[in-house]
Amino acid sequence: MSRKQGLCRPRWTTNFVALTGLAVMVVALGLLQTSTKAAEKPQSPNVIVILADDLGYGDLSCYGAPDLQSPNLDKLASDGLRFTNFYANCPVCSPTRAALLSGKYQDRVGVPGVIRTHANNSWGWLSPESTLLPKVLKTQGYHSAIIGKWHLGLESPNTPNERGFDWFHGFLGDMMDDYYKHRRHDVNYMRRNQEVIDPKGHATDLFTDWACDYLKSRGDESEPFFLYLAYNAPHTPIQPPAEWVEKVRQRETGISERRAKLIALIEHMDAGIGKVLTCLESTGQADNTLVIFSSDNGGQINVGANNGPTRAGKGTVYEGGLKVPTIAKWPGVIEPGTETQFTAMSMDIFTTIVDATTATKPTDLDGRSFLPTLKGKAQEPLRPIAFFRRREGGLQYQGKTIDAVRRGPWKLLQNSPFGKQELYNLDDDPLEERNLLSENPRVYRELANKLQNQVRLYGKIPWQAPESD
């Protein structure tokens, strides 16, 4: 229509257009009001943290494993952000879990080592004074659940429900002696909240199904949720379902039995994670959910783990014990298919989630938020110096600790309480092969002093339960 023809419209057309315009303006004003209200109170994202147990840095195909297929975690990476310099707080289980859930160095919440079922070989006691993530999120109306492995206490006051989780469906203990029987030292630590249960099936399948049940239960709820899905795979015993081992054998000609079984256990877990993410999609919650996947420490070398281009593995403070695969996805926030060399630690997950949900951060945290990195923005390093520590028993440790401290490329470590100290420049020597301690006495003294001051700070927190009256 030409401009002239437009000026010669009949009066009824003009009135109709005017009324239509008025209606559009009313709708637009309503949308503007709604938009303004939304801007005043942004929708809180759901949060899922998925934690693998002893997964090596090189044991996903998206992290370079040549003999392993992890399509679901690969897709999570292609849909989100993959970290190449993410570190567990500790090279063993309990301390990293304590750091992740508290936002503090593990020693500062009383968990320097593994909490075990036998008191004489238990090296931590989660401080009742520490505030865990579910309690912080509850102030923002979050419903919180833990599915899977807890490993931060067997009795009051350190059970999941007492520490802030609204729902617990999983395993209290440190490890299972059998993935199908779910016992540890012949004791059943499987729970539904406080109730002792005895489910049938492989632990990975159970935790997957229970996570899906939880997501479906939240589908019609208005309050946001936090799901902490902590698998015990691929921790020992390396006990995958037989059909998964056979798949690997047929695909990977000439593979060792040891490696085949570990790959099968990881691939079985990957399939479970895929099922959980499909459940999230089916309930319509995926677009408003931040998903973070990580591992509690590096892989166990003597069961066939691949820790990529790092030295050693689980239990050590070399890179192979600390560096872990980590992936984050958040539709509309994280750019798909991205990768970052930004350095972060397990305890930073706490602070990042708090920032993402606009909850109020507790004071005195060690964790720092990497939310800007998730959003694709540049940010300064989270800390000038980082500490890693593990306390352990037995003849190899005798209740003492191993430690590492890192500043920039420099890393000072002592991997045995009775061994020598070692100094490495990770930029020049990522495999930690050339000890530069004697050549760099100034760097050694500076890092040793920093570590000593940190140890003094840790001494303020008890790591054994008080004696009962």
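Predicted model: local features only at pLDDT ≥ 70, side-chain atom pairs only at ≥ 80, totals over all residues.

1. In strand β11, the residue opposite Arg82 is Ile327. Strands here are DSSP runs of E of at least two residues, helices are runs of H or I of at least four residues, and both are numbered from the N terminus. Two strands are taken to pair if DSSP finds at least two bridges between them.

2. Residues are numbered from 1 along each chain as its sequence is written, and side-chain values use heavy atoms, with hydrogens and water left out.

3. Strand β11 (residues 326-329) is covered on both faces: Thr326 and Ala328 are buried on one side, and Ile327 and Lys329 are buried on the other. Buried means under 20% relative accessible area, exposed means over 50%, and partly exposed lies in between, with a 1.4 Å probe and protein chains only. In a regular strand the side chains alternate between the two faces of the sheet. Strand β10 (residues 289-295) also pairs with β11, in the antiparallel sense and over three bridges. Within that pairing, Phe293 stands opposite Ile327.

4. Which residues have the most contacts inside the largest nonpolar core? They are Trp150, Phe207, Leu227 and Phe293, in a core of 103 residues. Helix α8 (residues 257-282) gives the most to this core, with twelve residues. A nonpolar core is a set of buried Ala, Val, Leu, Ile, Met, Phe, Trp, Tyr and Cys residues joined through side-chain atoms within 4.5 Å. Another core, of 27 residues, lies apart from it and includes Leu322, Ala386, Phe387 and Leu413.

5. Residues up to four places away in sequence aside, Phe293 touches Ile50, Ala52, Leu55, Leu60, Leu73, Leu76, Ile273, Pro325, Thr326 and Ile327. Contact means heavy atoms within 4.5 Å.

6. Strand β3 (residues 143-149) is mostly covered, as seven of its seven residues are buried. With strand β9 (residues 225-230), β3 forms a parallel pairing of six bridges, in which Ala145 faces Leu227. With strand β4 (residues 167-171), β3 runs parallel over five bridges; here Ile147 has His169 as its bridge partner.

7. Where does Asp174 lie? Asp174 is found in the loop between β4 and β5 (183-184), and counts as buried because its relative accessible area is 5%. Its side chain makes a polar contact of 3.2 Å with that of Arg184. A polar contact is a pair of N or O atoms within 3.5 Å; within protein, one must be able to donate a hydrogen and the other to accept it, and residues adjacent in sequence count only if both atoms are side-chain atoms. Beyond its neighbours within four places in sequence, Asp174 is in contact with Ile115, Arg116, Thr117, Lys149, His151 and Arg184.

8. There are 14 aromatic pairs. Rings of Phe, Tyr and Trp (its six-membered ring) pair if their centres lie within 6.5 Å; planes under 30 degrees apart count as stacked, over 60 as edge-to-face, and the rest as tilted. Phe165 and Phe226 count as stacked because their ring centres are 6.2 Å apart and their planes are at 25°. This pair links distant parts of the chain, with Phe165 in the loop between β3 and β4 and Phe226 in strand β9, 61 residues apart. Phe165 is buried at 2% relative accessibility, and Phe226 is buried at 0% relative accessible area. Phe165 also stacks with Tyr228, at 6.3 Å centre to centre and 20° between the planes. Trp150, Phe165, Phe226 and Tyr228 form one aromatic cluster.

9. A four-stranded open sheet has the order β13-β14-β15-β16, with antiparallel pairing. Strands β13 (386-391) and β16 (422-425) stand at its edges with a single partner strand each, so one side of each has no neighbour in the sheet. Strand β13 is joined to strand β14 (residues 401-407) by six bridges in the antiparallel sense, and Arg391 stands opposite Thr401 in β14.
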